[in-house]
Amino acid sequence: MGTGASRNADGGLHGGEEREESLDQAGGQLYVSLKMENYKKKGDLIPHVYGSVPLVGSWDSSKALSMERESTSMWELSFVVPPNHETLDFKFLLKPKHGYTPCIVEEGPNRQLIGGTLQGDARLALFKLDNEEVLEYRVLIKADRVSPFDLAASWRAYQDNLRPSTVRGIPDVSIDAVPETGHENGFSASLELDLEHYVVPAPPTSANSGLVYAANLAENPRSLTFAGGCCDRTATIKEMEVAIPDPSKVSSGSGMVESKSVGTFSPLQKQDNHRGLFVDRGVGSPRMVKSSSSTAFSFDLKLDSQNKNSMPAAAGAVAAAAIADQMLGPKEDRHLALVLVGLPARGKTFTAVKLTRYLRWLGHDTKHFNVGKYRRLKHGTNQSADFFRADNPEGMEARNEVAALAMDDMIAWMQEGGQVGIFDATNSSRSRRNMLMKMAEGNCKIIFLETICNDERIIERNIRLKIQQSPDYAEEPDFEAGLRDFITRLANYEKVYEPVDEGSYIKMIDMASGHGGQIQVNNISGYLPGRIVFFLVNTHLTPRPILLTRHGESRDNVRGRIGGDSVLSDTGEIYMKKLANFVEKRLKNERTASIWTSTLQRTILTASPIVGFPKIQWRALDEINAGVCDGMTYEEIKKNMPEEYESRKKDKLRYRYPRGESYLDVIQRLEPVIIELERQRAPVVVISHQAVLRALYAYFADRPLQEIPHIEVPLHTIIEIQMGVTGVQEKRYKLMD
């Protein structure tokens with residue numbers, strides 16, 4: 001505990017002289033830890049300590065303190081020396097387990113500890129048995145000053161852990177019946193009839209400063225202005241401003257809000273230099289993001305620099321699988337290209353955006369390259385359906401050129417350390433796909449992802465969204481004219497469409513509705529492709545809200561203590577009633593909704609007044625495990641564990657509490673929660689904890705991993721995530737201060 005004096009392996013004392021002055025002058029009481037180690041100890045002899053003060057028996061062997069077994073070979077005893085007995089004489093002795101024979105006292109003079117410093121020469125503990133056999137024990141002694149405040153805090157934490165949980169009798173899955181008559185949960189917990197009264201602005205760091213996230217931004221840019229005219233493969237793309245107009249003026253009732261964004265493209269250079277033009281995230285406004293070429297994952301394997309750059313910023317299964325792939329797989333398999341295939345309006349971009357968000361959240365450096373953006377930059381946004389005819393040689397050459405440009409950029413980015421590139425285009429002919437496979441040889445592994453939809457209702461909806469939101473029709477004031485042109489474009493693709501039957505591929509057939517469908521895979525192997533298939537099996541377009549909220553204020557929140565399993569404070573109990581009232585009003589027409597909590601009592605208690613919905617406890621939703629710091633305040637950690645405090649401050653994402661977890665660990669255990677949230681077709685209310693909700697929110701908001709430990713998730717606030725065909729939208733309700 002702390003940095004006190006301690007014996008080394010051969011009985012010597014670590015830091016005795018150096019620490020003597022600081023221990024003597026420090027305030028607080030003397031905390032002593034004694035350990036004895038012997039690998040050949042007889043099982044019927046128990047080590048004890050007795051000595052000159054009443055605490056250790058006053059030299060009465062019958063009152064000696066028994067040491068506790070720490071491992072098969074190690075015994076330990078810790079105690080606090082009273083202030084008036086800081087000169088401690090003591091010895092070790094062995095007592096028989098059953099008390100039939102006399103105890104055996106160690107050989108040699110008494111050991112003396114003065115002010116935390118061991119006097120005299122260090123030595124082993126020697127015990128002579130009746131048969132003249134000598135038992136040798138290695139002795140370790142550690143001493144430190146502990147303030148009475150810290151001792152009291154440790155005792156409070158110990159007592160809290162001894163208290164039985166108030167929710168012990170509640171099963172993991174339960175449902176409370178709705179009362180026969182309407183009721184309010186007390187005057188202090190009643191809410192306004194209009195829930196919009198509680199809406200508060202989302203933080204500035206949320207995507208697009210409001211409701212709309214990345215999932216639908218691929219079709220949002222309306223006007224492109226850049227200097228230098230049209231580009232070719234040797235030109236330089238200069239800075240461009242992407243203006244996103246108010247979608248409500250394009251399609252009334254779309255549920256979107258005004259959003260503007262400014263993006264920057266990097267200079268287009270040769271493949272063997274820098275990656276040139278790229279569309280970061282591949283959706284909405286092009287954005288420059290700091291290169292991920294520097295490794296975010298440290299390990300001791302002797303991998304070359306390119307391998308290190310392609311390691312994910314992850315822990316657990318993701319990290320283990322990545323290392324295995326690096327060591328065992330061919331060089332090109334270290335980078336994965338997911339090449340979308342499908343007719344227009346089949347959900348390719350939607351699927352690409354969701355996959356990009358998922359893989360980034362897992363820690364894989366992933367980018368989405370949208371060939372349509374390259375085409376619009378090169379040839380403008382006013383191309384008619386004739387441009388997309390297979391018998392138009394100029395159009396075919398132009399489209400293949402921008403596809404090659406995008407592929408060049410993706411491969412160049414991979415050579416700088418990128419891990420997964422998602423190549424978003426129709427890629428509807430074998431000749432186009434053969435061109436891409438030839439470019440990928442020796443650089444990356446290609447998996448084709450084909451999206452097939454036979455539901456005319458979904459296709460018609462997607463077409464209408466395309467006309468409303470695509471920059472290709474931003475200058476077409478007549479919706480019906482744009483619709484006719486797009487249908488003609490679609491017919492041009494259908495005439496020459498060739499389904500995928502070559503290479504490694506995944507086919508998604510009628511998966512969009514979430515009601516059945518089919519997935520076909522061919523020649524798919526490896527951890528990451530397997531995770532991608534599993535994710536795709538569970539994703540769909542069904543609109544539904546997901547409500548994220550922390551538990552009501554707990555007593556440990558009031559005391560500033562982390563972790564623990566305390567009950568709610570008085571304020572927290574008011575919030576749990578307000579939350580029940582809110583859920584009743586917000587989900588009154590959603591009787592298939594469910595309530596998810598952690599297994600800690602503060603979340604279960606927060607959910608307890610909610611009736612009429614099934615409640616499921618998830619161990620995966622428990623707060624980040626603070627390990628040995630559980631129950632402490634940050635001030636106590638800073639004071640007693642300064643090195644740990646500074647390590648956490650330097651890198652909160654990767655910092656792992658001693659015997660606890662890091663944020664990367666939390667992300668790994670939350671993956672099943674994300675998969676189930678994607679699979680659910682009904683609303684879900686998630687009542688959890690700050691670190692966990694930060695990680696969940698980061699997934700939906702597509703926030704970088706480094707930002708996760710700093711995301712604002714305040715108490716007594718509900719974050720509503722709306723999932724559906726138009727992407728992910730956010731709204732926040734603050735029920736109380």
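Helix H5 lies across strand E18 (336–341), E19, strand E20 (420–424), E21 and E22, where contact means heavy atoms within 4.5 Å. H5 runs at about 165° to E19; axes here are lines fitted to C-alpha atoms, for helices over the stretch in contact, and angles run from 0 to 180 degrees between N-to-C directions. The names come from DSSP runs numbered from the N terminus, with helices (H or I) of at least four residues and strands (E) of at least two. Everything described belongs to a predicted model, in which local features need pLDDT of at least 70 and side-chain atom pairs count only at pLDDT 80 or more, while totals for chains, interfaces and linings use all residues. Residues are numbered from 1 along each chain as its sequence is written, and side-chain values use heavy atoms, with hydrogens and water left out.

Now for the sheet itself. Six strands make up an open, mixed sheet in the order E19-E20-E18-E21-E22-E23; two strands pair if DSSP finds at least two bridges between them. Strand E19 (366–370) and strand E23 (518–522) sit at the edges with a single partner strand each, so one side of each has no neighbour in the sheet. From one strand to the next, the twist averages 15°. Inside the sheet, strand E21 (residues 445–452) and strand E22 (residues 505–509) pair in the parallel sense over five bridges. Threonine 451, for instance, has methionine 508 in E22 as its bridge partner.

H7 (residues 393–415) and helix H8 (residues 430–440) have axes that come within 11 Å and cross at roughly 30°. On the H7 side, the contact is made by Arg399, Asn400, Ala403, Ala404, Met407, Asp408 and Ile411, and on the H8 side by Arg432, Met435, Leu436, Met439 and Ala440. By class, this contact of H7 with H8 has eight nonpolar, one polar and three charged residues. Nonpolar covers Ala, Val, Leu, Ile, Met, Phe, Trp, Tyr, Cys and Pro; charged covers Asp, Glu, Lys and Arg; the others, Gly among them, are polar.

H5 (residues 348–362) packs with helix H18 (residues 690–701) at an angle of about 145°, their axes 8 Å apart. Arg357, Tyr358 and Trp361 of H5 meet Ala695, Ala698, Tyr699 and Phe700 of H18.
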